[in-house]
Each structure stands twice: as C-alpha cells, then as structure tokens.
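I opened this model to note its fold and its surface. These are my entries, in the order in which I looked things up.

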Amino acid sequence: MSPYAWEAEKVYQKLKRRDLIKYFEENWFFLLREGARHSIYTSGIKTIHIGHI
C-alpha cells in the first residue's frame, strides 16, 4: 500500500458518515439507492458507495 493510500484511509476512518454525505450532497451528488448496509450516491458521472457501520 502506498503512503498516500494509507493517509487517505486514515482520514476516511476519522470522517463521520453524515459529514461525508453532506459533502457529496453539496457537490452535486444525489442518493441513487439505499440498501441495508450501504448507500449509493451518484453525480451522473461518478458513483460512490458509502457503507453503514
């Protein structure tokens, strides 16, 4: 694992799910669908999976 990937993983672990969702919604992503253990947000170009903890 590269040092950059490790740093990104460290930041992601500290980020709360609600803050991540707020960031995506402010940047033109919308909820595509929600499952029991994940939510899927899309911008029409990119799709992001956010797991529930």
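The entries below go from the overall layout to the sheet, the helix on it, and the surface.

I am working with a predicted model, so I treat every value here as computed from it.

Entry 2, layout. I counted the secondary structure and got 2 helices and 3 strands. Reading from the N terminus, I find the order α-α-β-β-β.

Entry 3, sheet. I looked up how the strands are arranged: they form an open sheet of 3 strands in the order S1-S2-S3, and the pairing is antiparallel. At the edges I find S1, residues 30-34, and S3, residues 47-51, each of which pairs on one side only.

I went through the contact of S1 with S2, where S2 covers residues 38-42. The two strands run antiparallel and are joined by 4 bridges. As one example, I traced Leu31 and found Tyr41 in S2 as its bridge partner.

I checked where H2, residues 17-26, sits, and it lies across S1, S2 and S3. Against S3, I read an angle of about 165° for H2.

I took the contacts between residues at least 6 apart in sequence; 14% of them join residues at least 24 apart.

The protein has 53 residues, and I find 17% of them counted as buried. For the accessible surface I get about 4700 Å², with 58% of it belonging to carbon and sulfur atoms.

Note on methods
Residues are numbered from 1 along each chain as its sequence is written. This is a predicted model: local features need pLDDT of at least 70, side-chain atom pairs count only at pLDDT 80 or more; totals for chains, interfaces and linings use all residues. Side-chain values use heavy atoms; hydrogens and water are left out. Two strands pair if DSSP finds at least two bridges between them. Contact means heavy atoms within 4.5 Å. Axes are lines fitted to C-alpha atoms, for helices over the stretch in contact, and angles run from 0 to 180 degrees between N-to-C directions. Buried means under 20% relative accessible area, exposed over 50%, partly exposed in between (1.4 Å probe, protein chains only). Accessible areas come from the Shrake-Rupley method with a 1.4 Å probe; for residues, only the protein chains shown count as cover.
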